[in-house]
Amino acid sequence: QVQLVESGGGLVQSGGSLRLSCAASGFTFSNYAMRWYRQAPGKEREWIARISRDGDLIDYADSVKGRFTISRDDARATVVLLMHGLKPEDTAVYYCNRQASAGYGGDYWGQGTQVTVSS
């Protein structure tokens with residue numbers, strides 16, 4: 001059974017930091033690029049970060065570039081989003097996503113974890 005379980009969300013003050021983790025199971029983690037998305041109330045789900053299968057290719061949305069860092073640990077089947085300099089506009093539910101990989105498998109989503117940034 002494929003599972004993606006996010007953790008680490010919570011309430012932080014503006015300018016603070018938070019570390020989100022996504023624990024993967026039920027598939028060969030190293031075969032997939034991994035992504036983080038977020039969704040604020042009343043808004044569309046927004047892509048914010050992606051890391052390639054080997055960890056060499058990393059991309060960020062402009063809204064988080066320079067503040068957020070994505071990383072992966074294949075031995076532990078975990079992808080991490082380290083967030084610094086948090087702003088109220090970062091408030092959202094954050095989702096871990098397994099990107100579809102040709103010849104391996106399709107997209108999967110975690111349940112999400114709430115991040116709230118106070119002023």
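This is a predicted model: local features need pLDDT of at least 70, side-chain atom pairs count only at pLDDT 80 or more; totals for chains, interfaces and linings use all residues.
Asn97 sits in strand β9, which spans residues 92-98. Its relative accessible area is 0%. Asn97 is therefore classed as buried, since the cut-off for that class is under 20%. The side chain has polar partners. One is the side chain of Arg35, in polar contact with the side chain of Asn97 at 2.8 Å. Another is the backbone of Tyr108, whose oxygen lies 3.1 Å from a polar atom of the Asn97 side chain. Neighbours within four places in sequence set aside, Asn97 touches residues from several parts of the numbering. Leu4, Ala33, Met34, Arg35 and Tyr37 are in contact with Asn97. Asp107, Tyr108 and Trp109 are also in contact with this residue.

Aromatic rings were examined next. The model holds 4 aromatic pairs. One of them joins Phe27 and Tyr32 in an edge-to-face arrangement.

Arg98 is placed over the face of Tyr32, at 4.0 Å from the ring centre. Arg45 lies over the face of Trp109, at 4.7 Å from the ring centre. Trp109 is also one of the residues in contact with Asn97.

Technical notes: Residues are numbered from 1 along each chain as its sequence is written. Side-chain values use heavy atoms; hydrogens and water are left out. Helices (H or I, at least four residues) and strands (E, at least two) are DSSP runs, numbered from the N terminus. Buried means under 20% relative accessible area, exposed over 50%, partly exposed in between (1.4 Å probe, protein chains only). A polar contact is a pair of N or O atoms within 3.5 Å; within protein, one must be able to donate a hydrogen and the other to accept it, and residues adjacent in sequence count only if both atoms are side-chain atoms. Contact means heavy atoms within 4.5 Å. Rings of Phe, Tyr and Trp (its six-membered ring) pair if their centres lie within 6.5 Å; planes under 30 degrees apart count as stacked, over 60 as edge-to-face and the rest as tilted. A charge sits over a ring if NZ of Lys or CZ of Arg is within 6 Å of the ring centre and within 35 degrees of the ring normal.
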